[in-house]
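Q: Could you take me through this structure one feature at a time, giving the general idea before the case at hand?

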Amino acid sequence: MTLRISPLPGVGAEITGVDLAADLADSTFETLRGAFADHGVIFFRDQTLSEAAHIAFARRWAPININRFFAAHPVHPEIALVTKEQAQKDNIGGGWHTDHSYDEVPAMGSILVARELPPSGGNTLFSSMYAAYDALSPGFREMLGGLNAVHSARHVFGRAPDTAYNRTDASGGRIGNPDAAEALTDVVHPVVITHPLSGRRALYVNPAFTLRFDGWTVEESRPLLQQLYAQGMNPACTQEFIWRPGSVAFWDNRATWHFARNDYHGHRREMHRITLEGEPLSA
Ligand code: SIN
């Protein structure tokens, strides 16, 4: 098999000619690492990854972060279940976000494997935070470089979520773990980070978890944040991934946002997600 990396418009690259369940040679692994750093999200098709192989592939990249908010796989707690049941109206991840920006050391990324898909819909959108940053003028970029932003998850996963995030599971219970969310303290990250793998600059605010600029009020922060979010949602920065059986997406939380479409009511969708530990972020 010949490994091939095909960049996609907006963000990401599709990689063919590799079996993720195999014991990959170091040189193959380094090629994948380079593609991950360059493109922010890498997609694979026609994979046959068992749960054990999913875990083994993930461990090759970094230690696994056990999710505090989602249900765990009954046998493999390293795997978080991203499931929407047939009768459920709300989904997980149905808005632009990057995972774990509310952590002091945000997760590197996640490896999502399709296990059960609806007949149509349930695509995932991705957006490049490299491209969003690069599209800004030099003067604007310089101004942003002096700012930090405050991030939290309490308004999403906590006991009294904002109405936009008050999501319920198939039995009418809350999606998430409010006690774990309430235990979080707000964290501050640079608005523009230097990506730890690629060395490139990336915009690091997101609509779900960024509350405000550090030292600014929520009201003062809103217009500028909305402007940056509009840039992140610009179709020139985005790519829509259409899942098929055997598809795998591996995204970098420091270089991308993602958004799980919720357009398949009446059908079940089950994805297995493994999230990987990251490193401290700096400007
Ligand atoms: C997520 O991790 O935000 C969910 C992504 C998806 O289900 O497509």
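Q: Which residues form one aromatic cluster here, and how is an aromatic pair read?
A: Rings of Phe, Tyr and Trp (for Trp, its six-membered ring) pair if their centres lie within 6.5 Å, and the planes count as stacked under 30 degrees apart, as edge-to-face over 60 and as tilted for the rest. In this structure, Phe29, Phe36, Phe57, Trp61 and Phe250 form one such cluster. This is a predicted model, in which local features need pLDDT of at least 70 and side-chain atom pairs count only at pLDDT 80 or more, while totals for chains, interfaces and linings use all residues. Residues are numbered from 1 along each chain as its sequence is written, and side-chain values use heavy atoms, with hydrogens and water left out.

Q: How many aromatic pairs does a search of the whole structure find, and what is the geometry of Phe57 and Trp61?
A: The search of the whole structure gives 16 aromatic pairs. Phe57 and Trp61 make an edge-to-face pair, with 6.0 Å centre to centre and 75 degrees between the planes. Both belong to helix 2 (residues 51-61), where they are 4 residues apart, about one turn of the helix; helices here are DSSP runs of H or I with at least four residues, strands are runs of E with at least two, and both are numbered from the N terminus.

Q: Are Phe57 and Trp61 buried or exposed?
A: Buried means under 20% relative accessible area, exposed over 50%, and partly exposed in between, with a 1.4 Å probe and protein chains only. Phe57 counts as buried because its relative accessibility is 5%, and Trp61 counts as buried because its value is 7%.

Q: Which side chain does the side chain of Thr210 contact?
A: A polar contact is a pair of N or O atoms within 3.5 Å; within protein, one must be able to donate a hydrogen and the other to accept it, and residues adjacent in sequence count only if both atoms are side-chain atoms. The side chain of Thr210 makes such a contact with the side chain of His151 at 3.3 Å, and the Thr210 side chain also reaches the backbone nitrogen of Asn206 at 2.8 Å. Thr210 lies in strand 12 (residues 210-213) and is buried, since its relative accessible area is 7%.

Q: Which polar side-chain atoms lie 3.0 Å, 2.5 Å and 2.8 Å from an oxygen atom of the ligand?
A: The distance is 3.0 Å for His97, 2.5 Å for Thr124 and 2.8 Å for Arg269.
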